Amino acid sequence: MGILENIAELEERISKTKYNKSTQNAVGLYKAQLAKLKEEVVKKASGGAKGESYAVKKSGDGSVVLLGFPSVGKSTILNALTDAKSEVAAYEFTTLTCIPGIMKYKHAKIQILDLPGIVRGAASGRGRGKEVLAVMRTADAILMVIDGKKIEHYKALLSEIYDSGIRVNQRQPIIKIKKTSKDGIKIGRTVKTDVDDQTIKSILREYRINNADVVLRSNFTIDQFIDAVEGNKIYLPVIIAVNKSDLLTDEDIDMINKEINPDIFISAQNNINIEPLRELIFQKLNLMRLFMKEVRKDADMIEPMIIASGSTIKDVCAKLHKDFISKFKFARIWGPSSKFPGQKFKLDHVMKDTDTIEIHLT
Ligand SMILES: Nc1nc2c(ncn2[C@@H]2O[C@H](COP(=O)(O)OP(=O)(O)OP(=O)(O)O)[C@@H](O)[C@H]2O)c(=O)[nH]1
Ligand SMILES: [Mg+2]
């Protein structure tokens with residue numbers, strides 16, 4: 001039996017098994033076997049014929065890839081969001097390589113990457129799937145583009161993304177697996193989990209891990225546990241945009257909302273909803289703006305620093321100059337993260353969007 005038949009058989013077995021406490025162990029084992037086979041297929045695809053890879057230099061404060069089937073309007077969207085000019089045409093496979101553009105929004109410079117359309121089977125190497133999906137792994141977010149008249153593409157796209165090892169819009173569960181040299185598998189928990197010890201051990205043994213310290217600090221599914229064992233998954237936020245909204249009736253829109261509940265409807269060709277799309281991208285990247293102030297001078301309210309939300313004063317120092325952390329005395333903050341204007345803070349203080357910061361060095 002070939003790999004693909006094995007995969008089909010396991011998938012059928014899983015779908016036929018009613019999932020409950022007593023079958024959990026068996027389902028865990030099938031899923032681990034299935035994940036291993038799929039990994040093998042993807043590995044074969046990327047190790048085989050050495051296709052060109054799109055070496056695009058990352059630039060700006062974050063990057064977003066346009067992902068979708070051919071002719072859904074990805075290049076039209078790139079052209080609407082940025083000043084890039086990617087070729088647009090009514091036939092499929094117009095774009096043949098990775099075309100970058102820069103979207104300027106709220107002082108952030110966000111790199112948008114236009115790519116060739118992908119087809120079913122992309123993750124296992126069909127079309128240019130493998131190159132496209134490889135670019136996606138380096139991005140900070142995915143803009144998934146669906147043609148409003150072809151929403152059946154939605155599920156297929158999701159499964160290509162999943163098969164290429166990318167997990168979208170899910171928080172990575174906190175699972176630590178440390179291989180040890182003896183004493184079997186020890187499992188520690190700080191929360192109750194749905195998956196039991198026996199299932200965890202079976203999955204680990206399927207991966208030939210017989211000695212390990214496992215620490216579980218959040219709940220998770222069997223699939224998420226397998227992801228943690230494989231350890232090569234990437235977690236990205238995704239925006240689902242339905243394009244060509246100019247061709248849709250109210251009934252179409254109701255149906256699409258019910259079926260796939262997209263984040264936004266746009267018409268790139270007619271410039272409809274492009275500004276809200278920019279805002280959505282900015283939000284998904286989770287960036288904040290900080291205004292810099294030098295001692296005894298006014299703050300620069302024109303060009304803020306763009307940095308990841310949740311950054312601390314230490315992160316800001318690291319971005320400014322390599323000596324700032326060692327020479328740091330304190331910082332004063334004006335804005336949402338301070339209780340009063342000019343409050344003093346140490347390096348570990350978490351900053352908020354639109355804060356103004358003044359750093360004092362020794
Ligand atoms: N009606 C309508 N047509 C659109 C819209 N956006 C793009 N198109 C048309 O759809 C066709 C394909 O657009 P492209 O931007 O080339 O699509 P793509 O996804 O980049 O296609 P590939 O590069 O081949 O994967 C062109 O004829 C566009 O003019 C839209 O909002 N409404
Ligand atoms: Mg294109």
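# A guided look at the ligands and cores

Guide: In this predicted model, an oxygen atom of ligand 1 sits 2.9 Å from a polar backbone atom of G73. Residues count from 1 along each chain as its sequence is written, and ligands are numbered from 1 in the order in which they are written. Local features need pLDDT of at least 70, side-chain atom pairs count only at pLDDT 80 or more, totals for chains, interfaces and linings use all residues, and side-chain values use heavy atoms, leaving out hydrogens and water.

Visitor: What share of ligand 1 does the protein bury?

Guide: Start with ligand 1 taken alone: it exposes 660 Å² (Shrake-Rupley method, 1.4 Å probe). Of that area, the protein buries 91%.

Visitor: Which residues coordinate the magnesium ion, ligand 2?

Guide: Donors here are N, O and S atoms within 2.8 Å of the metal (3.2 Å for Na, K and Ca); water is not among the atoms, so sites may look incomplete. At 1.9 to 2.1 Å, the ion is coordinated through an OG and an OG1 atom, from S75 and T95.

Visitor: Which residues have the most contacts inside the largest nonpolar core?

Guide: Such a core is a set of buried Ala, Val, Leu, Ile, Met, Phe, Trp, Tyr and Cys residues joined through side-chain atoms within 4.5 Å. The largest has 62 residues, and those with the most contacts (heavy atoms within 4.5 Å) inside it are I110, L143 and I281.

Methods
Buried means under 20% relative accessible area, exposed over 50%, partly exposed in between (1.4 Å probe, protein chains only). A polar contact is a pair of N or O atoms within 3.5 Å; within protein, one must be able to donate a hydrogen and the other to accept it, and residues adjacent in sequence count only if both atoms are side-chain atoms.
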